[in-house]
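This briefing covers a ligand site and a sheet. Please look at the structure before reading the points below.

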Amino acid sequence: MASVTLEGITKRYEDVTAVDDMTLEIEDGEFVTFVGPSGCGKSTTMETIAGLTLPTGGTIEIGGRDVTNLPPKDRGISMVFQNIALFPHMDVYDNVSFGLRLRKYEQEEVDRRVEEAADIVQLEGMMDRMPSEMSGGQRQRVAIARAIVRNPDAFLMDEPLANLDAELRVHMRTQLQRLHRELDTTIIYVTHDQAQAMTMSDRIAVINSGVLQQVAPPLECYNEPANLFVAGFIGSPAMNFVEGEVVDGGFESQYTQIDSDPEAHGVTPGQDITVGVRPEDVHLERNAAEADAPTKAFDAVVDVIEPMGKEVNAYLLFDRDVEASAEGRGEGQLLINLDPDTEIAEGDDVRIVMDREKTHLFDRASGDAITHSLE
Ligand code: ADP
């Protein structure tokens, strides 16, 4: 086990800054996930920790030891990647034990470690199988077992579940959480999938364009996103945004008006703001009791209804003149979650309220969060 500390890590490729001045301390035994859209610099950050690429600037410490210029093999880490490279002509035992045998470990020690790893990833009884006889999930577990036997100070995992089908991915998510609990070791994980980040991590590090946006426990990123980027990226379906401005006595957009005391939130009339509200925090006026503190009601019209079984997604337009965008999430549009038994139909006129306690405010110029509750 070891802490991992990034201090001002920057990686530049000719005209691209893939990682921009990243400073982050990952505690001993912590499960931290780098999450962000494709191309935001997650893998590059991971590669600098692994030693597969050298940073242009900054330092990396693992367990208090400066490893910035050490080769991967001297960093005390094990890696698991999206593309599992098992040796096709070797059975599971040989694949898992390969590194140990290369390092001339005693046979007894090799057997002990392989057995222990096989137990953790539930591969007992499969030691004689060849990779071609295994499912994608089983092969991925072999790759993880191979990483475990090295007894690393930290695991680095880059999209290890990306090639698995959806059902298996959910199953492996649980397995990885168990693995973390059993090994009690530091895990740094990379994914573009916010659901994986939310479900497994102690903390998530949200990255956009090479820059860290927020590092916090998943629910903190969800409930108190630091800025518009995090608010829009974490959570599915995503948060609704309504662009407006601060006026005397509240916030106003083309379609909404929320009474509030601007001064209490440190904003001034005329300032451009964006109001953010999650689909589950908007309610029909007739069910306003579901909100802790309902806002004044707004008119809307139901565009599309999506029954999901345990809930209903209703895509609303603030006005019949709003031109609906393909994904239903543009300006003048609002997605709300309703109870599955709500009587509602496409084309209905509805009145809606937001929950003031769950309504976020962002400064539009900087994108930074101003408040996460209008109460
Ligand atoms: P992610 O893992 O978040 O998808 P990457 O870390 O792979 O993102 O890439 C971050 C940025 O750096 C991208 O713009 C990518 O094109 C660029 N990049 C990554 N590797 C190289 C490279 N070897 N040469 C030039 N540009 C690169």
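A polar contact is a pair of N or O atoms within 3.5 Å; within protein, one must be able to donate a hydrogen and the other to accept it, and residues adjacent in sequence count only if both atoms are side-chain atoms. By this criterion, a backbone N or O atom of Ser43 is 2.8 Å from an oxygen atom of the ligand. The model is predicted: local features need pLDDT of at least 70, side-chain atom pairs count only at pLDDT 80 or more, and totals for chains, interfaces and linings use all residues. Numbering runs from 1 along each chain as its sequence is written, and side-chain values use heavy atoms, without hydrogens and water.

**Ligand site**

- An oxygen atom of the ligand lies 2.6 Å from a polar backbone atom of Gly39.
- The side chain of Thr44 places an N or O atom 2.5 Å from a ligand oxygen atom.
- Taken alone, the ligand exposes 560 Å² (Shrake-Rupley method, 1.4 Å probe), and the protein buries 59% of that.
- Residues around the ligand (a heavy atom within 4 Å) include Tyr13, Val16, Pro37 and Lys42.
- Of the elements (DSSP runs; helices H or I, at least four residues; strands E, at least two), α1 gives the largest share of the shell, three residues.

**Sheet**

- Five strands form an open sheet in the order β15-β19-β16-β17-β18, with antiparallel pairing (at least two DSSP bridges between two strands).
- The edge strands, each pairing on one side only, are β15 (282–284) and β18 (333–338).
- β15 pairs with β19 (residues 349–354) over three bridges in the antiparallel sense.
- His283 has Val353 in β19 as its bridge partner.
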